[in-house]
Amino acid sequence: MCTQLFDPKVDYIFKNIFGSEKHPKILISFLNACIKPEYPITEVTIKNTEITKEYMEESFSRLDVLATTQDGEVINIEMQRADEKNMVKRSLYYWSKIFSAEYKGKGRYSSLPRTICINVLDFKLLDEEKFHNVYILKNKENNNMLTDTLELHFVEIPKMKEIDQNDMLSLWTAFLDDPNNHKLVELEAKYEELHEAKIELARLSRDPKEAEKYRMREDAINERRNFFLETLDKGLKEGRKEGREEGRKEGREEGRKEEQIKIARSLLDILDIETISIKTGLSIDEVKELN
């Protein structure tokens, strides 16, 4: 098996493994591991299987996995490697787009499906210890659930420290982090879907055409990351510049104030308070304090 494997965290590779119609068992295994539904997911229909050249080259495009289950639930999975400081609202925005797209002018809100967004992140986002956290709509006071229609998952890969061989989500997270992890390799034979994902990753990694697409997507992602870093750096520089200008302005104002006070003190024995106020620009109360 190929040892120089592509990084499965690159969204193009992630989509080819988890969003492939040829390997539905991989996606089903991942979804059951992540969502842990009362009744296991047994079938999925993947909606957005096509990956065009424009998507590959466009740095701001999303190569996510969108699927429906046998119960009509809509599930979207996004692999995000860079922290662009907008992940929570970004996830809510895409959830709302997917959810509203299901309405299709039917006129029956009751027919809108349960919609789940799973965000797989290669960075730490939440102030939580666990690597997998789920958010739903509940009553703030008594914790009663309003509806299960909205569900947001965040899987933070860097937070998972040790592989738990009894937790399939732990195994999938370890696979994304390092598919050559020696402990993971030992467990592959035990889990059919995990072994299937490793074989598909190896196949993609050996294919020269896929390698070209992989590099193309990596370049697009790096371009986006550089754009974000440059924008952030520019914002910090402008902030520092504004801070320096504000500091100089405050310094000038403080110097001007000190000069006004100095002049006012020299006039206290010569002029009345009202005249000193007019001449120096200090208020009458400020001059009285000096007196």
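Trainee: Which residues do ring pairs link into a cluster?

Mentor: Keep in mind that this is a predicted model. The structure holds nine aromatic pairs. Some of these ring pairs join up into a cluster, and its members are Phe14, Phe18, Phe30, Trp172 and Phe175.

Trainee: How many of the residues of helix H1 are buried?

Mentor: Helix H1 covers residues 11-18. Among its buried residues are Phe14 and Phe18, along with Lys15 and Asn16.

Trainee: Is the aromatic pair of Trp95 and Phe99 stacked or edge-to-face?

Mentor: Both residues sit in helix H4, four residues apart, so about one helical turn separates them. Trp95 is buried at 11% relative accessibility, and Phe99 is buried at 18%. Their ring centres are 4.6 Å apart with 15° between the planes. Planes under 30 degrees apart count as stacked, so this pair is stacked.

Trainee: And what is the angle between the ring planes of Tyr103 and Tyr109?

Mentor: Tyr103 is partly exposed at 23% relative accessibility, whereas Tyr109 is exposed at 63%. Their ring centres lie 5.0 Å apart. The pair is stacked because the planes meet at 10°.

Trainee: On to charges! Which residues are linked with Lys9 in a network of salt bridges?

Mentor: A search of the whole structure finds 16 salt bridges. In one of them, Lys9 meets Asp7 at 3.1 Å, N to O. Lys9 is buried, with a relative accessible area of 7%. The network links Lys9 with Asp7, Arg81 and Glu218.

Trainee: How many residues apart in sequence are the parts tied together by Lys25 and Glu192?

Mentor: These two side chains form a salt bridge at 3.5 Å, N to O. Lys25 lies in helix H2 and Glu192 in helix H7, so the pair ties together separate parts of the sequence. Lys25 is partly exposed at 45% relative accessibility, and Glu192 is partly exposed at 49%. The separation in sequence is 167 residues.

Trainee: Last one: in the salt bridge of Glu102 and Lys47, which residue counts as buried?

Mentor: The two side chains meet at 2.9 Å, N to O. Glu102 is in the loop between H4 and strand E4, and Lys47 is in the loop between strand E1 and helix H3, 55 residues apart. Lys47 is partly exposed at 38% relative accessibility. At 16%, the buried residue is Glu102.

Methods:
Residues numbered from 1 in each chain as written. Predicted model: local features only at pLDDT ≥ 70, side-chain atom pairs only at ≥ 80, totals over all residues. Heavy atoms only, no water. Buried < 20%, exposed > 50% of the residue type's maximum accessible area, 1.4 Å probe, protein only. Helix = DSSP H or I, 4+ residues; strand = E, 2+ residues; numbered from the N terminus. Phe/Tyr/Trp six-rings, centres within 6.5 Å; stacked < 30°, edge-to-face > 60°. Salt bridge = Lys/Arg side-chain N within 4 Å of Asp/Glu carboxyl O.
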